Amino acid sequence: MAYVNDLNATEPVPGVSLATPRDYFELLKPRVMQLVVFTALVGMVMAPGSIDLFSGAVALFAITIGAGASGALNMWYDADIDRKMARTRLRPVPSGRVAPGEALAFGIVLSVGSVALLGLAANWLAAGLLAFTIFFYAVIYTMWLKRSTPENIVIGGAAGALPPVVGWAVLTGAVGWESLVLFAIIFLWTPPHFWALALLKEEDYRRANVPMLPNVAGAAVTAHRILYYSLILAPVGVVPSFIGLASPVYGVIAAGLGAVLIWKALPILRSAGTDRAAARGMFGYSLVYLFVLFAALLVEGIVARLGWF
Amino acid sequence: MAVEQVAMSSPDERITLTDDQRRRRRSRSIAIAVILAGLVVLFYVITMVKLASTAVDPSL
């Protein structure tokens with residue numbers, strides 16, 4: 001008979017799971033889920049048509065879980081590079097609290113469950129779009145683009161931009177071109193947001209061998225690209241007020257937010273991407289930009305639905 | 001945190017869980033039970049809502 005005592009709990013012991021429910025919740029990437037639930041809700045509120053409150057809440061819940069499922073699949077596949085990056089090394093899989101197979105099974109079960117739930121609660125077009133979103137994030141972005149091209153987040157950003165389209169489809173059973181404007185806003189917002197982060201975490205990405213733009217093309221090129229995308233995003237952010245999706249008040253707010261976004265990109269350009277404070281400022285402001293823009297849309301949508309104006 | 005692993009010389013190898021591991025397993029079990037119960041309620045209510053809307057509008 002042999003005894004092995006005092007093994008460190010962070011070392012995985014075969015057959016003994018150290019995971020708590022909180023670890024599984026972390027696999028869902030709660031902060032990303034917040035953005036998804038928010039933008040999908042905006043898509044639902046802005047869409048013409050109606051749905052009973054309970055089915056709408058269940059649909060939103062399903063979209064949120066679907067986003068979480070893609071996060072779990074991402075953490076399963078990326079455990080090797082997450083282990084090398086300071087920002088991600090304490091995640092449940094690289095830290096050993098959740099076994100890779102458990103994360104994979106968790107992600108698959110939630111993916112199938114969330115798509116089925118959305119189909120039952122809303123319609124199968126919305127469910128199909130959610131399935132495509134999960135596939136795009138987990139397979140196209142995580143397994144293919146992320147490790148192979150510096151354009152990873154440009155194309156991969158489509159996954160993060162789809163929730164308002166899914167939300168729109170929940171109410172209408174169709175993909176309205178108005179919802180594609182919401183898609184475009186998030187799609188164009190993603191690169192400057194993540195490139196600002198990549199400038200700050202360049203060493204992390206280099207160690208993990210992830211070809212982010214600053215590592216491949218340099219900080220100066222990244223600074224230019226951040227400005228170009230900001231210049232395109234700013235006017236696109238105003239478009240909802242020109243297509244009847246939002247009021248001129250929204251247009252003024254979006255124009256102001258867009259002007260600040262461009263202004264925030266300028267010091268990054270002037271320093272050729274070396275000014276860390278400027279990159280940090282851009283990263284933080286880009287979150288504010290998207291939040292305020294969609295919050296304005298949400299408020300206008302709710303006001304319109306309640307018939308206050 | 002200590003893990004006491006007892007390896008038997010016989011084919012009947014066993015792992016004795018520590019209190020912490022037992023507590024974590026219990027919390028996972030409770031979470032799974034709560035989620036399953038929630039799903040049962042959720043699917044029941046969805047079914048009722050769909051049935052009710054069909055009853056109101058027989059064309060659906």
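## Two domains in chain A

Chain A divides into domain 1 (21–175) and domain 2 (177–309), with bounds taken from an automatic or database domain assignment. The centres of the two domains, taken over C-alpha atoms, lie 21 Å apart.

This is a predicted model, in which local features need pLDDT of at least 70 and side-chain atom pairs count only at pLDDT 80 or more, while totals for chains, interfaces and linings use all residues. Residues are numbered from 1 along each chain as its sequence is written, chains are lettered from A, and side-chain values use heavy atoms, leaving out hydrogens and water.

## Where the domains meet

Let's look at the interface. Here 36 residues of domain 1 of chain A are in contact with 36 residues of domain 2 of chain A (heavy atoms within 4.5 Å). Together the domains bury about 3,100 Å², 74% of it on carbon and sulfur atoms; buried area is the accessible area (1.4 Å probe) that two parts lose on being put together, summed over both. On the domain 1 side, Phe38(A), Met46(A) and Ile153(A) lose the most area to domain 2, together 20% of what that side buries.

One salt bridge is counted between the domains (a side-chain nitrogen of Lys or Arg within 4 Å of a carboxyl oxygen of Asp or Glu). A salt bridge joins the side chains of Arg225(A) and Glu151(A), at 2.8 Å from N to O.
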